[in-house]
Amino acid sequence: MLDALRPSLERLVPYETHDPMGADKLDANEFPYDLPAWFKEKLDILSQQEIQANRYPDAGYLKLKQSIATYAQVEANQVSIGNGSDELIRSLIIATCLENRGAVLVADPTFSVYRLVAQTLGVSCFDIGRDDDFHLRLDCLDPLLQAYPIRVVFLPTPNSPTGTALTAQELEKLLRIGPETLVVLDEAYFEFGDMNLVSRLANHPNLVVMRTFSKAFRLAAYRVGYLLADPLLIQALEKVRLPYNLPAISELAALVALDNRTELLAALEEIKAERTRIFQHLRQLSGVNVWPSAANFHYFRCLDHDAQRIYEDLRKQGTLIRATGGGLRATVGTPAENDRFLSRLQQALHLP
Ligand SMILES: Cc1ncc(COP(=O)(O)O)c(C=O)c1O
């Protein structure tokens, strides 16, 4: 390794993505349909009219903040914009944990980027753990908060990879965490469910609701994430944000998506109906344990089969899913992709 590099980098591995090589891509919880042609045409015309390529974008992203504020029913000074929510995760850890101030808390199995980003910044990451149904081990929370200087807790609701939404009891316990710790509720998939925690921001200045345009809004390629929080926290995050962190075309795409949200989000109904259909199918397969999901994917474990083997078998048959946390996560795709996934899974499990 180069002498200039931090020795600790030797232990890290880059975030893993797989080339689908023509397979059905059910491994990244993306929306299965591209943006409609009318949307792309609109974006094309607007970008020619409004984007001057030689100029930096509006560094404050005021237009987008205002539009998000209207959508989320908050004020514009409660909104921070990121190059994907991944960038916001990094900003939150930079703002809270660096200079040996503290550590991060997660609940595995969960979204791997929280731990990955903490590691790249030399910040410790602790795990509260989940029970057999993936609910939080709440009895471990206070001991962990007392033992370690936890400055930020990251909890997706619904959780990835398990699809589990936070229960009322879990939420109330989290909202009692003191002001020295940020509680980040990652609502990347909230449009697929019926939980929205924005109303809780008013009484909890250490609460953060984080979201993305990568899932229900189909803008994964444009990398737009946002978070909603107390204006004082937003001001602090502005200090650690890189200037011009969002390309002008991404800001414009998010604005057009919000302006046309009724049409775009209407397609969620098909995803939810397919989610129910897949769940009912998986539940009937012998030796398969599947958990209810409030997101656009399912998590399941196959009792007598190694998850990695099933993953490989499906990949060879032409369906890419994800092996994680000892189980498998499969995104809800188009009806045809879902049919192929279910029949290929049956084949991999040697079921009739
Ligand atoms: C829970 C969760 N949060 C955040 C993200 C990333 O969102 P973005 O594309 O905005 O970086 C994902 C992506 O899969 C996710 O599962």
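Where is Tyr-61 placed, and between which helices? Tyr-61 sits in the loop that runs between helix H1 (37-50) and helix H2 (62-72); helices (H or I, at least four residues) and strands (E, at least two) are DSSP runs, numbered from the N terminus. The structure is a predicted model: local features need pLDDT of at least 70, side-chain atom pairs count only at pLDDT 80 or more, and totals for chains, interfaces and linings use all residues. Residue numbers start from 1 along each chain, as its sequence is written.

**Domains**

- The protein is divided into domain 1 (7-33 + 267-348) and domain 2 (51-260), with bounds that come from an automatic or database domain assignment.
- The C-alpha centres of domain 1 and domain 2 are 25 Å apart.
- Between the domains, 23 residues of domain 1 are in contact with 24 residues of domain 2; two residues are in contact if their C-beta atoms, placed from the backbone, lie within 7 Å.
- On the side of domain 1 that touches domain 2, helix H10 (268-284), strand E10 (297-302) and strand E12 (322-324) are the elements that give two or more residues.
- That side of domain 1 has 12 nonpolar, 7 polar and 4 charged residues. Here Ala, Val, Leu, Ile, Met, Phe, Trp, Tyr, Cys and Pro count as nonpolar, Asp, Glu, Lys and Arg as charged, and the others, Gly among them, as polar.

**Ligand surroundings**

- The ligand is surrounded by 13 residues, of which the closest are Gly-84, Pro-156, Ala-188, Thr-212 and Ser-214; a residue is near a molecule if its C-beta atom, placed from the backbone, lies within 6 Å of it.
- Helix H3 (residues 84-97) provides 3 residues, the largest share of this shell.
- By class, the shell holds 4 nonpolar, 7 polar and 2 charged residues.

**Nonpolar core**

- The largest nonpolar core has 88 residues. Such a core is a set of buried Ala, Val, Leu, Ile, Met, Phe, Trp, Tyr and Cys residues joined through C-beta atoms within 7 Å.
- The members that touch the most other members are Ile-93, Val-104, Tyr-114, Val-152, Val-184, Val-208 and Ala-254.
- Helix H8 (residues 248-259) gives the most to this core, with 6 residues.
- Domain 1 and domain 2 each supply at least three residues to this core.
- Leaving out residues up to four places away in sequence, Val-184 touches Leu-92, Val-152, Val-153, Phe-154, Leu-155, Val-208 and Met-210.

**Helix H4**

- In helix H4 (residues 113-120), the buried residues are Tyr-114, Val-117 and Ala-118. A residue is buried if 20 or more other C-beta atoms lie within 10 Å of its own, exposed if 12 or fewer, and partly exposed in between, with C-beta atoms placed from the backbone.
- These residues are on the same side of H4 because they cover an arc of only 100° around the axis; the arc is that of the directions from the helix axis to the C-beta atoms.
- An α-helix has 3.6 residues a turn, so residues three or four places apart point the same way.
- The cover over the buried residues of H4 includes H3, strand E3 (103-106), strand E4 (125-127) and strand E5 (150-156).
- Gly-122, which follows H4, has a positive phi near 70°.

**Backbone features in loops**

- Asp-108 and Pro-109 are joined by a cis peptide bond with omega near -5°, and Pro-109 is in the loop between E3 and H4.
- The peptide bond from Ser-160 to Pro-161 is also cis, with omega about 20°. Pro-161 is in the loop between E5 and helix H6 (168-175).
- Tyr-61 is a residue other than glycine with a positive phi, near 50°. Tyr-61 counts as buried because it has 26 C-beta neighbours inside 10 Å.
- Arg-218, in the loop between strand E7 (207-212) and strand E8 (225-228), has a positive phi near 65°. Arg-218 counts as buried, with 22 C-beta neighbours inside 10 Å.

**Contacts across the sequence**

- Tyr-311 belongs to helix H11 (residues 307-317) and is buried, with 22 other C-beta atoms within 10 Å.
- Tyr-311 and Ala-323 are 12 residues apart along the chain, and their C-alpha atoms are separated by 6.2 Å.
- Ala-294 is in the loop between strand E9 (288-290) and E10, and is partly exposed, with 19 other C-beta atoms within 10 Å.
- Ala-294 and Phe-192 are 102 residues apart in sequence but 6.3 Å apart in space, C-alpha to C-alpha.
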